[in-house]
Amino acid sequence: MSTAVEVAGVGLHPFGRFEGTTVTDMGVAAVRAALREANVGRGDFQAAFCGTVYSGVAAGHKVLGALGMTGIPIVDVEAGCASGGAALMLGAGAIRSGQYDTVLVFGMEKMPKGIIRSSFFEPWREEAGLAVTPAYFALRAQRLMRESGVTVDHLAQVVVKNRRNGVNNPAALFRSEVTAADVLASRVVCEPLRLWMLCSPGEGAAAVVLRRASGRSGVTVEAAALRSHLPGNVLGEATPMAGLVDDTFPSPTALAAQAAYAEAGVGPDDLDVVECQDTDAARELLSYEELGLCAKGDAAHFLGAGNPKMSGRLPVNPSGGLLSKGEPLGASALGQVVELVHQLRGGAGPRQVDGARVALAHTVGRGANACVVILRGHP
Amino acid sequence: MSDGHSSSAVPVREGLFTSAEDGSPRLIGGLCVACRHHHFPLLTTCPYCSAEGVTEARLSAVGSLWGWTTVTTVPPGYRGEVPFGFGVVELPEGLRVITRLTEPAPDRLERGQPMRLVLTPLHVDQEGRSVVTYAFAPAVDPR
């Protein structure tokens, strides 16, 4: 690509539960922090893209309104759990096209507790008891167990790994370690998924300032690719009522990863650190395969060999993932990007992956939508 | 479980399934005249190939179990009982359908077992009518 897009600054409002704090408050905190770090003020950026799902009408405007920074184009972007990644794709693309020099990208959410209610499901599907997001996750987990040698113990090990990483993340919702026995003893929500294998809907915000770079320095956005599911694909996040008997469909994640690797000119072997969607423990294992971190059918072995641990060949979710942070839908993708920018700058403290140069962020969710972002650090 | 629901029963949505009086309901799907693939529920445009020539098709009442789990927590907008079975049944038309299952115990189900379409009551509406939807129940293997 001709124009390099660099990350000028990042900011975060911690992920968790914050009684009395509005989604606008959280967005303001993250945006202010990112602008300060980038040394970018009012008038210094030409557009803003805000990823959010549940924040209502003109939510991004409300944040910039509270900061006295309206007047520029402000676009709210909704693509399910990939909303923040979609916002980043649009911002980076606008810079590459020459439309803007500097763009603010942010994401935020304040989720209700419990099973997520989604207007994606028609009222009759709710009435019939078919609007059960964790049940769709469970069917996916069962398929993975059938096809990839994954057991409930592997599912528990993903939770143990991510919760251990989350201990070192002050912006996480849960900061305590758990044992596999604890995870397996938690309530069965939808067999085989136990409560602690599912991330908690959450609150939080994240912001990234992007700008056109003359050379390659700091951290650059090498690729940001968003893809949706192919027609007829019945399982996964698309959850139509029916689809074709065909197991050869590439998933939205695989499609987005393929596009991102091509755009960035790198492959899975070039990655040093990954943040991936772990809405449930099986989702992370499936992502190993769909992102090409291991071969299809090899997720259990990849985990068992210790590869995705902090000490392993390719640490996955050093931030603790959504299992530790909770999931504020619109903020989660940019939360990953903020984590990876710290990693690539060498500033992730006790979570640092030594010598990280190339990083991948992955989100996938309802639609179905999947987004893969590849970042590179330039020492 | 309601075989052949009474006249006071209403479907959760019109157009999803036939309400046959003989107690053998059928799902109402679509068949694309261009790509010859079936879909469900019935649409006016084929969701696979975008062709507009779709004809109505009664789908097979018997399929095989592809995936299953149990819903233990009352999901949003649902007024019926828990737990209940939830899964995917594969129909001979080459279609995988997401569905309720009448059997909630996961260890009493196995992959590939024959499943038969039934109607199942969800709840009673404000007019005292039973609201019903489709589900699949374990079928006796015809062999």
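Biologist: Which strand does β2 (residues 28-32) of chain B pair with, and over how many bridges?

Modeller: Strand β2 of chain B pairs with β4(B) in the antiparallel sense, over 5 bridges. Two strands pair if DSSP finds at least two bridges between them. Strands (E, at least two residues) and helices (H or I, at least four) are DSSP runs, numbered from the N terminus. Within this pair, Gly30(B) has Glu56(B) in β4(B) as its bridge partner.

This is a predicted model, in which local features need pLDDT of at least 70 and side-chain atom pairs count only at pLDDT 80 or more, while totals for chains, interfaces and linings use all residues. Residues are numbered from 1 along each chain as its sequence is written, and chains are lettered from A and ligands numbered from 1 in the order in which they are written.

Biologist: Which strands stand at the edges of the sheet in chain B?

Modeller: The sheet is open, with 3 strands in the order β3-β2-β4 and antiparallel pairing. Its edges are β3 (38-39) and β4 (54-58) of chain B; each has a single partner strand, so one side of each is left without a neighbour in the sheet.

Biologist: How many residues does each chain bring to the contact between chains A and B?

Modeller: Two residues are in contact if their C-beta atoms, placed from the backbone, lie within 7 Å. Chain A gives 28 residues and chain B gives 33. On the chain A side, α5(A) makes the largest share, 5 residues. By class, that side has 19 nonpolar, 4 polar and 5 charged residues. Ala, Val, Leu, Ile, Met, Phe, Trp, Tyr, Cys and Pro count as nonpolar, Asp, Glu, Lys and Arg as charged, and the others, Gly among them, as polar.

Biologist: Which strand of chain B is joined to β9(A)?

Modeller: Strand β7 (residues 95-101) of chain B is joined to β9(A) by 3 bridges, and the two run antiparallel. Ala242(A) stands opposite Val97(B) there.

Biologist: How do α6 and α9 of chain A cross?

Modeller: Two packed helices are described by the angle between their axes and the distance between the axes. Here the axes of α6 (residues 152-166) and α9 (residues 281-290) of chain A come within 8 Å and cross at roughly 95°. Axes are lines fitted to C-alpha atoms, for helices over the stretch in contact, and angles run from 0 to 180 degrees between N-to-C directions. Angles of 65 to 115 degrees count as roughly perpendicular, and α6(A) and α9(A) are therefore roughly perpendicular to each other. Residues meeting there include Leu155(A) and Val158(A) in α6(A), and Ala282(A) and Leu285(A) in α9(A).

Definitions and conventions
Parallel < 35°, antiparallel > 145°, perpendicular 65-115°, else oblique.
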